[in-house]
Amino acid sequence: MINILISGANGRMGRKVFESCKLNDNVKAVCGVDIIMNCFDKNFPIYDAFDKVKEDVDVIIDFSAPSNLDNILNFCLAKNIPAVLCATGYSPEQIEKVSSCSKKLPLFRSGNMSLGVNALIDLVKKATSALGEFDIEIIEKHHNQKVDAPSGTALMLADAVKSVDDDKFYTYGRNGIVGKRDKNEIGIHAVRGGGIVGEHQVIFASNFETITLTHQATDRSVFADGAVKAAQFIVNMPNGLYNMSDVINQK
């Protein structure tokens, strides 16, 4: 049995992870950490700080916020346990810190925990290779409570394009830009509204045809299930930095 600590336990994704754990016979959500100490299940204690955790923990799943990263990494280093980092919006300095800490711990980081999105990334790479002269635009849509833009997934998709064609560069919206589109641009656009769970489109457009690759999440459970799979994967791995492609390629 793998004992999981849920960081950001009272958030929408934290609760989805708790539900996913209850449906999985191989894991158990033993406690949570959140600045809001609302214990929604009598058998699931929630603390407002990591240093108050009493339970034995094998791995952390974090869906909190980038501002919580130092607390998570300090706890993991002190307890010598791995973490699945699912928050988006990390600064370059924070990403470098995760990479540095992965030399001492197994760490898992992904901008999107959906297996489908990570399959989409592979398709985007293949399409970029095949459609080198096409213009490429990325549109992402999320609910009106999402705090970072563009989404981590949109950046993952853009990075997938750039990994095939390093001459590409990112243009975030086009407000204030005067002049025609550069052939090497990857346009990245964010939509925020209502309760949209998450939708990403990668558009490949030439003068005579358009191909659109789309992923739409209809329930946040898909991200929670992916995070639990990642926790099961990483708990026995050696030190290093892992992502969802490692989980997919393990199959």
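Of the contacts (heavy atoms within 4.5 Å) in the protein chain with a separation of 6 or more, 66% join residues 24 or more positions apart. This is a predicted model, where local features need pLDDT of at least 70, side-chain atom pairs count only at pLDDT 80 or more, and totals for chains, interfaces and linings use all residues. Residues are numbered from 1 along each chain as its sequence is written, and side-chain values use heavy atoms, with hydrogens and water left out.

**Overall shape**
- Picture its C-alpha atoms in a box of roughly 60 × 40 × 35 Å, taken along the principal axes.
- Buried residues (under 20% relative accessible area, 1.4 Å probe, protein chains only) make up 48% of the 251.

**Nonpolar cores**
- A nonpolar core is a set of buried Ala, Val, Leu, Ile, Met, Phe, Trp, Tyr and Cys residues joined through side-chain atoms within 4.5 Å.
- The largest one has 32 residues, and Ile 4, Ile 61, Phe 63, Val 84, Phe 108 and Met 113 touch the most other members.
- Helix 6 gives this core its largest share, eight residues (helices are DSSP runs of H or I, at least four residues, numbered from the N terminus).
- Val 30, Val 53, Leu 69 and Leu 85 belong to a second, separate core of 23 residues.

Methods. Buried means under 20% relative accessible area, exposed over 50%, partly exposed in between (1.4 Å probe, protein chains only). Helices (H or I, at least four residues) and strands (E, at least two) are DSSP runs, numbered from the N terminus.
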